[in-house]
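The sequence and the structure come first.

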Amino acid sequence: MNELMNYSDVMYLTLEGHVELEKYRYFYFVMVLTLYMLIISCNGLVIFVIFTNKHLHEPMYIFIAALLCNALFGTAALYPKLLTDFLSEIQVVSFESCIFQSFCIYTYGASEFTLLSAMAYDRYVSICKPLQYATIVKMSTVKKLLFCCWFLPCCEIGITAILTYQRKLCKFKLNRIYCNNSSMIRLGCGDVSVSNLYGLFALSIVVFPPLIFVFFSYIRILSVCLKNSKDFRTKALQTCFPHLLILISFSITTCFEIINTRLEENMPHIASMIMSVENLIIPPLLNPIIYGLKLKEIFNRIKKMVWKNKIIVCQEVKQRPAFIH
């Protein structure tokens, strides 16, 4: 296959990461499809439960629903194209589509951090300033926070996408199974220092301020918990533990992706591939399970819904007329 494919003046990049997966591509297709269906169903179930129960229309649960919606957005940028490539004889993508996929995936990651920092703020006010919670975290405040959580990452990642789009390409093979910005920068001609510097700047802005904010929020929460009763500490930790677990899991998978991006040329292909998709597998699958099991309100609503549907099915079975032999 030629390095550059040009149809009607459209540049196509070859995704070389699929070459070593060719032998077992149907197995990978079934595995990825199953995984994607699990992510959609688990996240969709918790989102449905939150939005159909008025008792859950509170800031904490709205932030949870937003986090899960963000996971669906991020995985939608990866899995449909990935599944199509597993069934295709050639794995190519137009340069514009590659830029768009990279933009969506990076925006998902950046929004995940901003949403987690917004959730930390909600927990901080709830635990440290409980009497003022209703006046501080109003629905208008929640809407503004959600707007910022998605708008700011879009702006930051959008600048990165524009800088990459303006570069002239000298290579047209990506050693990946999907598009990411740092790999596309390496395809450019000439000096790439400006794009690399802005990429590092955007990464530091996206990751470190939210993490620092969450860190100091939880220091304050911990100090308040230590001054209160055991029951208070237990209730506070029950609501904070899922958030911390999700933050840690996403931070670790993001670190793996950053390490992989910098060292992918010196790593075994399978290891590089696994590290590159971990933050689009583990957090989207883990988040709804953690919230569905750890937060009693959501778990009880899911249990009631499942039990109610089970009763309806049983009643329908009993009402069916018996066959006469």
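When the bonded cysteines of the protein are numbered in sequence order, the pairing reads 1-3, 2-4, a disulfide being a pair of cysteine sulfur atoms within 2.5 Å. This is a predicted model, in which local features need pLDDT of at least 70 and side-chain atom pairs count only at pLDDT 80 or more, while totals for chains, interfaces and linings use all residues. Residues are numbered from 1 along each chain as its sequence is written, and side-chain values use heavy atoms, with hydrogens and water left out.

**Disulfides**

A search of the whole structure finds two disulfides. In one of them, C98 and C179 are bonded with their sulfur atoms 1.9 Å apart, and the torsion of -110° about the S-S bond makes the link of C98 and C179 left-handed. This pair links distant parts of the chain, 81 residues apart, with C98 in helix 3 (residues 95–128) and C179 in the loop between strand 4 (173–174) and helix 6 (181–185); helices (H or I, at least four residues) and strands (E, at least two) are DSSP runs, numbered from the N terminus.

The other disulfide joins C170 to C189, with an S to S distance of 1.5 Å, and the torsion about its S-S bond is about 115°, so the disulfide of C170 and C189 is right-handed. Because C170 lies in the loop between helix 5 (139–165) and strand 4 and C189 in the loop between helix 6 and helix 7, the pair ties together parts that are 19 residues apart in sequence.

| Residue | Relative accessible area | Class |
|---|---|---|
| C98 | 0% | buried |
| C179 | 1% | buried |
| C170 | 46% | partly exposed |
| C189 | 21% | partly exposed |
| C42 | 23% | partly exposed |
| C255 | 43% | partly exposed |

F103 lies in helix 3 and, leaving aside its neighbours within four places in sequence, is in contact (heavy atoms within 4.5 Å) with C154, I157, G158 and A161. The C-alpha atoms of F103 and I162 are separated by 9.7 Å, although these residues are 59 apart along the chain.

F73 is found in helix 2 (residues 59–86) and counts as partly exposed at 35% relative accessibility. Not counting residues up to four places away in sequence, F73 touches C104, T107 and Y108; the C-alpha atoms of F73 and Y108, 35 residues apart along the chain, are separated by 6.9 Å.

**Surface patch**

F208, I212, F215, F216 and I219 make a nonpolar surface patch of about 540 Å². Such a patch is built from residues with over 30% relative accessible area and no salt bridge, nonpolar side chains (Val, Leu, Ile, Met, Phe, Trp, Tyr) being joined within 5 Å and like charges within 9 Å. F216 has its place in helix 7 (residues 193–226) and, at 53% relative accessibility, counts as exposed.

Conventions: Accessible areas come from the Shrake-Rupley method with a 1.4 Å probe; for residues, only the protein chains shown count as cover. A salt bridge is a side-chain nitrogen of Lys or Arg within 4 Å of a carboxyl oxygen of Asp or Glu. Buried means under 20% relative accessible area, exposed over 50%, partly exposed in between (1.4 Å probe, protein chains only).
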